[in-house]
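Take a slow look at the fold below before you read on. We will walk through it together, one piece at a time.

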Amino acid sequence: MSVSNIHNVNSPEHFRELLSADLQRVSLINFWASWVNPCIQMNKVVAELAEKHPELLVLQVEAEVEENADIVESFGVEAVPLIILLRGHTQLGRISGADAQAVVKSVDTHLGKGAPLVGSSNGNAEKKEESNEGLEERMLGIMKQSHVVLFMKGNPQTPRCGFSRQAVDLLHERNVKFTHFDILQDEDVRQDYNMYSTNMGKKSVIDREDKSKEETS
């Protein structure tokens, strides 16, 4: 049976067209290769998820096909199977290997079908506290997805500010493999990141002042 929300990607242009059609939609990118047995298993899992969740956009990217080389490189794919979840251009999750349970759980979570927060109905103060804890966990999860994660405005193909463009160019010039997170797509992460950056900036200034005092004393 043909499933309308699952697509076999055949070029970077095709990939961008499908991904950009609805930037609020959750997408699952399945990087696979025909000669890798675990990929065959994960392809079945992905097909079942596509049928179960018609709102999920599924993009099948065969990693060994020459036309997909730029896509494979842009996501830093080193081994398959690899599943990446996005909302628009923002990465939500990255799951390596044939971990079907982790993929199913991640899809359910990001489609809003996971278990509710414990105690989420016990007052606004508790909701806020749990929301902050959840956001902190999500930030840590994002930063653990890769050795280098670029928090930027837009995506590496279309940076939306000068700093983001310069950062992408620098990473590409030095052949650094990285993933990215578009802070324009998530206001909570954007505010938390701005606060974190501000605090780190203040700490850096204080550290420099302390060091200067030590050198002059």
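The paragraphs that follow begin with the whole chain, move to a sheet and its helices, and finish with a few individual residues.

Keep in mind from the start that this is a predicted model. The protein chain contains 7 helices and 9 strands. Of its 217 residues, 38% are buried. There is also a figure for how the chain folds back on itself: among contacts between residues at least 6 apart in sequence, 69% join residues at least 24 apart.

Now find the sheet. Five strands form an open sheet in the order β1-β3-β2-β4-β5, and the pairing is mixed. At the edges stand β1 and β5 (90-96); each has a single partner strand, so one side of each is left without a neighbour in the sheet. From one strand to the next, the twist averages 20°.

On one side, β2 and β3 run parallel and are joined by 6 bridges. As an example, S27 has L57 in β3 as its bridge partner. The pairing of β2 with β4 also has 6 bridges, but here the strands run antiparallel, and I29 stands opposite I84 in β4. The strands β4 and β5 are antiparallel and share 6 bridges.

How many residues of β2 are buried? The count is 7 of the 7, so β2 is largely enclosed by the rest of the structure. Both faces of this strand are covered: one side carries V26, L28, N30 and W32, the other carries S27, I29 and F31, and all of them are buried.

Next, look at the helices around this sheet. Helix α1 (residues 12-20) packs on the sheet and touches β1, β2, β3 and β4. The direction of α1 makes about 165° with that of β3. Helix α2 (residues 37-52) belongs to a right-handed β-α-β unit, made together with β2 and β3. With 16 residues, α2 reaches 24 Å from its first C-alpha to its last, which is close to the 22 Å expected at 1.5 Å a residue.

Which residues of α2 are buried? They are C39, M42, N43, V45, V46, L49 and A50.

After α4 comes G112, which has a positive phi, near 80°.

Let us turn to charged side chains. The count of salt bridges comes to 2. One of them links E13 with R16, whose closest N and O atoms are 3.6 Å apart. Both residues lie in helix α1, 3 residues apart, or about one turn of the helix. R16 has 39% relative accessibility, so R16 counts as partly exposed.

A salt bridge also forms between E78 and K177, with 3.5 Å between the closest N and O atoms. E78 lies in the loop between α3 (69-74) and β4, while K177 lies in the loop between α6 (162-173) and β9, so the pair ties together parts that are 99 residues apart in sequence. Are these two residues buried or exposed? E78 has 65% relative accessibility and therefore counts as exposed. K177, at 52%, counts as exposed as well.

Our last stop is T179, which sits in strand β9 (residues 179-182). Because its relative accessibility is 5%, T179 counts as buried.

Key:
Residues are numbered from 1 along each chain as its sequence is written. This is a predicted model: local features need pLDDT of at least 70, side-chain atom pairs count only at pLDDT 80 or more; totals for chains, interfaces and linings use all residues. Side-chain values use heavy atoms; hydrogens and water are left out. Helices (H or I, at least four residues) and strands (E, at least two) are DSSP runs, numbered from the N terminus. Buried means under 20% relative accessible area, exposed over 50%, partly exposed in between (1.4 Å probe, protein chains only). The expected span of a helix is 1.5 Å times one less than its number of residues. Two strands pair if DSSP finds at least two bridges between them. A crossover is right-handed if, with the strands pointing away from the viewer, the path from the first strand over the helix to the second runs clockwise. Axes are lines fitted to C-alpha atoms, for helices over the stretch in contact, and angles run from 0 to 180 degrees between N-to-C directions. Contact means heavy atoms within 4.5 Å. A salt bridge is a side-chain nitrogen of Lys or Arg within 4 Å of a carboxyl oxygen of Asp or Glu.
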